[in-house]
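Reader: Hey, can you walk me through this model? I'd like the overall picture before the details.

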Amino acid sequence: MKEVRTRFAPSPTGFMHLGGVRTALYNYLFAKKMGGKFILRIEDTDQERIVPGAVDVIYNTLRECGLNWDEGPDIGGDYGPYVQSDRKSLYLPYAKELVEKGAAYYCFCTKEELAERKAAAEAKGEVFKYDKHCLHLSKEEIQQKLDAGVPYVIRLNCPTEGESSYDDEVFGHISFPNSDLDDMVLIKADGMPTYNFANVIDDHLMGITHVMRGMEYLSSTPKYNILYRAFGWEIPTYVHLTTVMRDKEHKLSKRDGDAYYSDFIDKGYLKDALINYLALVGWNPGTDQEFFTMDELVQAFDVKRLNTSPGIFDVTKLDWMNSQYIAKMDFEDYLKMATPWFDKVLAGKNMDYRRLAELMQSRTDIFSRIPEKIAFLTDMPDYDTAIFFNKKQKSSEDVAKEVLPLLLPVLKGIGDWTEQNIHDAVMAKIPEWGKKNGAVLWPMRIAISGQESTPGGAFEIAYLLGKDETLRRMKASLEKLG
RNA sequence: GGCCCUGUGGUCAAGUGGCCUAAGACACCGCCCUUUCACGGCGGUAACUCGGGUUCGAAUCCCGGCAGGGUCACCA
């Protein structure tokens, strides 16, 4: 059997869209699963949209995610070059070959003329399709214009009757009326090929066996097939992927800051969690397993289990998955990653980051939410004393007023301010006071944190705050209670 | 608008004519654990878009409506 070769062919726009990462992931998984090759090709045929540094974004993202390519611009391969602008001279001869065969033709219509005709068609409520105007030029006329240096494009001569169909691995049999086919441009006036053309030429030249790409290409695929057939080339297997949506009617978008890989990394998502989750948007293993390493993904991946209905990128579920990954992280790694986020509110403070990290690891879903969770350690929130009330803990404002003054001297008397010592000192007194643990610890924690819920209990918080701050807050809360 | 694709709980989804009085996960709710929260454990609410067929039997097949998405560039 022929070696499977897949490709990821992004255009360098400066960012990696999550949908693109997923496309790359599936291409990678499938190639690896089949023992084949995963190729990276840069599609930069649109000279007007070149963004400096954009190619590096692609390299970095893919590598960071572990989607290592077997052939590509930077590492080479037997089918290079892997950047379309470096292949520029390659395409025109193929287009001319098509012209020779009568499958394509020169077109001298200017953009302005086309725009006019298009406007006219739209004014009549019709859909504009190129009218094959230049198809009927005589050989002499064409040569004359060519010699005179009139700018031209080369168009594909599409059939206008009958229908085209093909089989897609995920969508099954798809057919289109040929009357809908537009004579697409193959070579642009600047001599560059269009994406549509370069894509087909390169996929063939690079021996791509499986084309996995977004389903937005579903309806242009018949035109690609016309090209393959005109050349007498073997048509690759098509695997069209559903769109990744933000919700039922919107795609992930740049404007909402939810579209790019880097957005998520900046927000404090773990790349492994992101990849794991992304793999599951539009694909499932057919089992209940939902946590996968890259190797497991390779093992489990199956094109047959790709979904036909669009998947919604559920950030809530991603958050959960991310929190699971964080919980399982090596503690030292967590500490290292959490530190900059701790710094955002605690920089300059004398705080036990290790202890804080221990408390926070199971409470972190995404790193960017750390500051809001620990802000109270820096600034005592202005709270409502009503939160001293807690039925189950047998606490109330009155209880707080009674217990806090009792606690003060006990805490004051602790020499070495360790969590253990605070714990022992307070716990020893509670029975003497005839109170339930909750009736003492709830008021204490509220008094020093000003929050109903905190990452850690009264002892942990007191320890983190330090003796002076703890006592200061206790007194302030007592005053607040009046 | 033409054409193409899609339509199971709030979300992801299993399901390929009888095993479906429809699995699992997230979210939500309740209980347990616990000095709060979180983690963890247990349990619960909640779905086959609608209408016609085909069939002994339909979430599963067919047709139509409705809804959503995609596409109709010298962008990729």
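Predicted model: local features only at pLDDT ≥ 70, side-chain atom pairs only at ≥ 80, totals over all residues.

Reader: OK, how many helices and strands does chain A have?

Author: Chain A has 19 helices and 12 strands (DSSP runs numbered from the N terminus: H or I of at least four residues for helices, E of at least two for strands).

Reader: And why is chain A called more spread out than a compact globule?

Author: Because its radius of gyration is 32 Å, well over the 23 Å that the globule rule gives for 482 residues (taken over C-alpha atoms; the rule is 2.2 Å times the number of residues to the power 0.38). The C-alpha atoms of chain A fill a box of roughly 110 × 55 × 40 Å along the principal axes.

Reader: What share of chain A is buried?

Author: Buried residues are 48% of the 482 (buried means under 20% relative accessible area, exposed over 50%, partly exposed in between, with a 1.4 Å probe and protein chains only).

Reader: Switching topic: tyrosine 26, buried or exposed?

Author: Tyrosine 26 counts as buried, at 1% relative accessibility. Its place is in helix α1, residues 18-33.

Reader: Which residues does tyrosine 26 touch?

Author: Leaving out residues up to four places away in sequence, tyrosine 26 touches several, including Met212, Leu241, Trp283 and Phe301 (contact means heavy atoms within 4.5 Å).

Reader: What about the largest nonpolar core, which residues touch the most other members?

Author: Phe313 and Phe342, out of 104 residues in that core (a set of buried Ala, Val, Leu, Ile, Met, Phe, Trp, Tyr and Cys residues joined through side-chain atoms within 4.5 Å). Helix α1 gives the most to this core, nine residues. Apart from it lies another core of 44 residues, among them Ala95 and Tyr106.

Reader: Last one: how many residues of α7 are buried?

Author: Nine of the 11 in α7 (residues 221-231), including Lys223 and Asn225. Just after α7, glycine 232 takes a positive phi of about 80 degrees.

Technical notes. Residues numbered from 1 in each chain as written. Chains lettered and ligands numbered in written order. Heavy atoms only, no water.
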